[in-house]
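The following note records points for a colleague who is examining this entry. Each point takes up one topic, from the overall fold to single residues.

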Amino acid sequence: CPKVTGTRKNPFQVDLAKMRKPTHEISKKGNFASFRNGEWFFGAYGQIETSLFFPKSGKYTVKIVARSKPHDNVFPVMNVFVEHVKAGSVSVDSTEDKIFIFKLDVPKGVRDIVINYFNAALGGKRNLMIKEIQIEKQQH
């Protein structure tokens, strides 16, 4: 059973060091995500995930601080999923840290949050770096 961290604080800061790099093969090309220097680095195709406890059903905002190294004027595309449902996709169009926002409905309970990147360039020339993830329950 995966280790679950809570989201009782609002906003909740995800501990990047506790996120998992899945061991199952996520693509025929492998998983090239690695945690180093306090952030996740995607040298090529990759996926990271964590399980979180959401104490209440409702609307949440996920803020991800990320940057990229484009190749041939193409930026990495970051995909965010909750329980295998795509919450959103964005081109990480900045070489400097930038906030990317995803809004989603999450039912109460333990939910998997998954981030992946698949439009890598040959030779690891296009990269994605994730520095911070924050989850906030929207107030009515």
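Predicted model: local features only at pLDDT ≥ 70, side-chain atom pairs only at ≥ 80, totals over all residues.

1. Secondary structure. The protein contains eleven strands and zero helices. Followed along the sequence, the pattern is accordingly β-β-β-β-β-β-β-β-β-β-β.

2. Of the 140 residues in the protein, 47% are buried. Among contacts with a separation of 6 or more, 73% are between residues 24 or more positions apart. The accessible surface amounts to about 7700 Å², and carbon and sulfur atoms contribute 52% of that area.

3. The β7-β8 hairpin. Strand β7 (residues 77-82) and strand β8 (residues 85-91) run antiparallel and are joined by six bridges. Two residues lie between β7 and β8 in this hairpin, and E83 in the turn has a positive phi of about 50 degrees. Across the pair, F81 is opposite K86 in β8.

4. Salt bridges as a whole. How many salt bridges does a search of the whole structure find? The search returns seven.

5. R20 and E49. These two side chains meet in a salt bridge, with an N to O distance of 3.8 Å. R20 belongs to the loop between β2 (12-13) and β3 (33-36), whereas E49 belongs to strand β5 (residues 46-54), so the pair ties together parts 29 residues apart in sequence. R20 has a relative accessible area of 24% and is partly exposed. E49, by contrast, is buried, its relative accessible area being 15%; the assignment follows because buried means under 20%.

6. D105 and K59. Since D105 lies in strand β9 (residues 98-106) and K59 in strand β6 (residues 58-69), the pair ties together parts that are 46 residues apart in sequence.

7. K63 and E136. The salt bridge between these side chains has an N to O distance of 4.0 Å. It links distant parts of the chain, with K63 in strand β6 and E136 in strand β11 (residues 127-137), 73 residues apart. K63 is partly exposed at 26% relative accessibility, and E136 is likewise partly exposed, with a relative accessible area of 26%.

8. Q138 and its surroundings. Q138 is located in the segment after β11 and is partly exposed, with a relative accessible area of 29%. When neighbours within four places in sequence are left aside, Q138 is in contact with K59, Y60, T61 and K103. One of these residues, T61, also makes a side-chain to side-chain polar contact with Q138, at 2.5 Å. Finally, the C-alpha atoms of Q138 and P11 are 9.4 Å apart in space, although the two residues are 127 residues apart in sequence.

Definitions and conventions. Residues numbered from 1 in each chain as written. Heavy atoms only, no water. Helix = DSSP H or I, 4+ residues; strand = E, 2+ residues; numbered from the N terminus. Buried < 20%, exposed > 50% of the residue type's maximum accessible area, 1.4 Å probe, protein only. Pairing = 2+ DSSP bridges. Contact = heavy atoms within 4.5 Å. Polar contact = N/O pair within 3.5 Å; in protein donor to acceptor, adjacent residues only side chain to side chain. Areas by Shrake-Rupley, 256 points an atom, 1.4 Å probe, with all protein chains shown as cover.
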